[in-house]
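Subject: A structure for you to look at

Hi,

Here is the structure I promised to pass on. Have a look at it first, and then read my notes below.

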Amino acid sequence: MNSGANSLYPLLRPDTVAVIGAAREPHKIGHQVVRNLIEGGFPKERIFPINPYAEHILGLKCYPSILDVPTKVDLSVIVVPARIVPKVLEECGKKGVKAVAIISSGFKEVGNVELEEKIVRIAKKYNMRLLGPNIVGVCDTIKSVNASFCQSLPLRGNIAFITQSGALGIALVGWTKMHNIGLSDLVSLGNMADVDQSDLIEFFGDDPETKVITLYIEGVKDGRKFFETCKRVTVKKPILAIKAGKAERTVRAIKSHTGSLAGSDSAYNAVFKQSGVIRVPTFPDLFDWAVALSISPKPLNNNIVILTNGGGAGVMATDAAEEYGISLLEMPKDLADRIRKYMPPFGSVLNPIDLTGMAGREWYRESLKELLRDSRVGGVIVLYCHTAITTPREIADAIIEAVRTVGYCKPVVVSLIGGEEVIDECERLISNKIPCYDSPEKAMAAMGAIIKYYSDREKILSRKYPRLNVDYEKAKGIIEKALKRGHKILSPREAAEIVEAYGIPVVSKKLAKSKEEAIRFAEEIGYPLVMEVDSPHILHKTDVGGIIVGVNSREEVGKAYDDIIRNVSEKAPEAHINGIIVRKMAEKGREVILGMHRDPIFGPVIMFGSGGILVELLKDVSFRVVPLSVEDAHEIIEETKAYKMLKGYRGEKEADIDCVIDAVLRLLKVVEDFSEIEDVDINPFFVYDKGKGGIAVDVKIILS
Ligand code: COA
């Protein structure tokens, strides 16, 4: 199958469309698709209804088969019962149709996997792209193609909407119309037998008619493809996504801390962050932010100024700024002095700038001009509470005039607060490319999305990937040996040796096969010591009395040896014991956890967070998918509360954060090099004061 983005052109921008299953009765879907094409404004002479039992439908000539159509067909919309789909698809292939959109249900979604595989084989054989099956169809407002059973075409615009829920897609046509939001396309994905989100993102990424891509996702099939595609496209245009289904996976035997915390939603979150996709909580936000991003220029910097005629609105916007992490400019004196001219003496030139309820058209216009001209201002939020002093129209005029005079050099996001009178003015501002909302919070949220998009974009463009020296052969040898023995869980010593080979400092361990040997090692290493069982069958040693800390003398070594053997034999009689590990008790540092879990969709996911025995309870962890850049390694740490602890909480000295970053990157290299590794836990990893490094105390590795 030709899978390039260009191969979707006949699907999304077709010149000719056939409807196979163009039913005669008006209530049938096949009939409605033909009606929609006509009513949507697609040229009638380029619509070809196919139905062996009908002569004409809705005034158009009907063909018994696609093979009878006299001209080439770009897109066939298939609306016949599932069992007939392979036959008509075969005919499409013979006709040379480039793309098919299969509305019919009755495939994989109801367990009919074989039938779905069959249609994919046919499409592949003829090099046709296949959208669906089980979709509402596809709407393209650019060429006026309503090849769907949506009630009508959306308004024309430049936001592409890709949805995994057909019904939601249909509903949103009405919703976007009610809110005067235009779309370039609305594509329903259905079962994604061939065309998936990534293919569409790639297409819209290059589509000159689309400025912003919006998604409703329930799940992706190929996580790596999605990640790579999003990374490529977000540097060209924004992608906003609603990801449904936040509930974490529940049914699975989970052996590592990382595995138990790394649910699929964490992986999606990481992918969104690393690829610059903005995750959006609700549908109104999705389109509010998409509109703002589709019309606003880039912020000059991240410092925003709020201009208002009402103190309350200003406070609400300030609170929202904090919530979205937006910094408000500390007003420079010279700028404040210039703006003071446009307000009464009791106005405020602090940020928010309060022009007071006396503010009219001129004060708004002139103060906004000052803010637009000043390069220290990254963007402006203009708030207006409707008063008897002015009309919303005058204020909208003032904003438009200021932007026209100075130039649209930074985002200006407006909120007009009032009754019906503000609605038209809000729309007029939007049609002048100035985003406008009915509340200060929405305006600030939209500004937040603009700032986030451009700063994430910059980060993606400047990412650096680490180069590290590691002992690959040594680690490989240990893994191969374990696999030969059929061991999935590496012994603590083997696990420690692997990460050590990759440059992560580890507490050194000696394996004693007898009590005498344990005493000899103890004397060599020095006290105090930790002694622990070495067994490929025991992952959580504390649970079986397999670890004793604070061993201080020859006598205690002997006793600990016997106690561990006895405890383990009683509590885990089936476990094979390799021996007892004797190790120096590491000086206590600040405890963090580093881990990796292989996600079924996205592959290796790296975790960092607060470590120790309370990992699951605290859930202070953050995730990134592989590959991580150096910047990602910084961010994964900075997102956690553990970071605050490492920075020096309550007068404590700063810890050696660089050594944690280095360990994260080295762990990344381990999992990149060995696809056999399923899970890793390094917990606790003790971090010492700045300049003093850190050390992995306990390492667990599970092979797949
Ligand atoms: N080529 C073209 N048309 C053919 C045909 C062929 N080989 N064989 C039969 N047809 C015609 C039928 O005669 C009929 O037209 P008519 O009513 O004028 O006789 C038309 O195709 C439709 O077939 P019909 O058997 O009446 O099916 P239907 O309209 O009741 O249902 C689907 C067809 C596809 C709509 C239905 O099977 C289905 O899958 N519905 C669910 C769709 C859906 O919800 N999708 C997912 C949304 S999220």
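Let me start with a list of residues you can pick out on the screen: Ile489, Leu490, Ser491, Pro492, Ile538, Leu539, Lys541, Asp698, Val699, Lys700 and Ile701 line the largest cavity. Please keep in mind that this is a predicted model.

What kinds of residues make up the lining of the largest cavity? By class, 7 are nonpolar, 1 is polar and 3 are charged. Strand S30, which covers residues 699–703, gives the largest share of that lining, with 3 residues. If you colour the model by domain, you can also see that domain 3 (508–584) and domain 4 (590–703) each supply at least three residues to the lining.

Now for the cysteines. A disulfide is a covalent bond between the sulfur atoms of two cysteines. How many disulfides does the structure hold? The count is 0. Take cysteine 385, which is in no disulfide: the nearest cysteine sulfur belongs to cysteine 436 and is 12 Å away, whereas a disulfide needs the two sulfur atoms within 2.5 Å.

Is cysteine 659 buried or exposed? Cysteine 659 is buried, because its relative accessible area is 17% and buried means under 20%. Cysteine 385 has a relative accessibility of 23%, so it counts as partly exposed.

Happy exploring!

Best wishes

Key. Residues numbered from 1 in each chain as written. Predicted model: local features only at pLDDT ≥ 70, side-chain atom pairs only at ≥ 80, totals over all residues. Heavy atoms only, no water. 1 Å grid on protein atoms, 1.4 Å probe; cavity = no way out; pocket = protein on both sides within 12 Å on 5 of 7 lines; lining within 4 Å. Helix = DSSP H or I, 4+ residues; strand = E, 2+ residues; numbered from the N terminus. Nonpolar A, V, L, I, M, F, W, Y, C, P; charged D, E, K, R; others polar. Domains from an automatic or database assignment. Buried < 20%, exposed > 50% of the residue type's maximum accessible area, 1.4 Å probe, protein only.
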